[in-house]
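Reader: I am new to looking at protein models. Could you show me how to read one, feature by feature?

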Amino acid sequence: MSDEKVIDKIQEIIEDIRPSIQMDGGDIMFESFENGIVQVRLETGSSEAFLNSDMLVEGIHSRLTEEIHDVYEVIVLSE
């Protein structure tokens, strides 16, 4: 899959999970995709503990790597 198609799919998945994160006062944004590595940024809101939870990070990682075979690693940045 071309990088453009991979990025489109990444952004589609992020848009799908964004409402759940926004409900808890945070946000998620795509930062970059290069050599199979995705970087996303989590902005914390009032529920910082929720946004920094291992479960959320693992969920983001699992969703991206399972649905996009060109993604090997996901790095979650926080503010």
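**Reading the model step by step**

Author: Contact here means heavy atoms within 4.5 Å. This is a predicted model, where local features need pLDDT of at least 70 and side-chain atom pairs count only at pLDDT 80 or more, while totals for chains, interfaces and linings use all residues. Residues are numbered from 1 along each chain as its sequence is written, and side-chain values use heavy atoms, with hydrogens and water left out.

Reader: Where is Arg-18, and is Arg-18 buried or exposed?

Author: Arg-18 lies in helix 1, residues 3–23. Helices (H or I, at least four residues) and strands (E, at least two) are DSSP runs, numbered from the N terminus. For burial, we use relative accessible area: buried is under 20%, exposed is over 50%, and partly exposed is in between (1.4 Å probe, protein chains only). Arg-18 counts as buried because its relative accessibility is 13%.

Reader: Which side chain makes a polar contact with the side chain of Arg-18?

Author: A polar contact is a pair of N or O atoms within 3.5 Å; within protein, one must be able to donate a hydrogen and the other to accept it, and residues adjacent in sequence count only if both atoms are side-chain atoms. For Arg-18, the partner is the side chain of Glu-15, at 2.2 Å.

Reader: How many helices and strands does the protein have?

Author: There are 3 helices and 3 strands, and from the N terminus on they run α-β-β-α-α-β. Of the 79 residues in the protein, 30% are buried.

Reader: How do I describe two helices that pack together?

Author: Two packed helices are described by the angle between their axes and the distance between the axes. The axes are lines fitted to C-alpha atoms, for helices over the stretch in contact, and angles run from 0 to 180 degrees between N-to-C directions. Here helix 1 and helix 3 pack at about 150°, with axes 10 Å apart. That makes helix 1 roughly antiparallel to helix 3, since angles over 145 degrees count as roughly antiparallel, under 35 as roughly parallel, 65 to 115 as roughly perpendicular and the rest as oblique.

Reader: Which residues meet there?

Author: From helix 1 come Lys-9, Ile-10, Ile-13, Asp-16, Ile-17 and Ile-21, and they meet Leu-56, Ile-60, Arg-63, Leu-64 and Glu-67 of helix 3. By class, this contact has 7 nonpolar, no polar and 4 charged residues. Ala, Val, Leu, Ile, Met, Phe, Trp, Tyr, Cys and Pro count as nonpolar, Asp, Glu, Lys and Arg as charged, and the others, Gly among them, as polar.

Reader: What about a residue in a loop, such as Asp-70?

Author: Asp-70 sits between helix 3 (54–67) and strand 3 (73–78), and is partly exposed, with a relative accessible area of 23%. Sequence distance and spatial distance are separate things to read: Asp-70 and Asp-3 are 67 residues apart in sequence, yet their C-alpha atoms are 8.8 Å apart. Leaving aside neighbours within four places in sequence, Asp-70 is in contact with Met-1, Val-6, Phe-33 and Gly-36. Its side chain reaches the backbone nitrogen of Met-1 at 3.5 Å.
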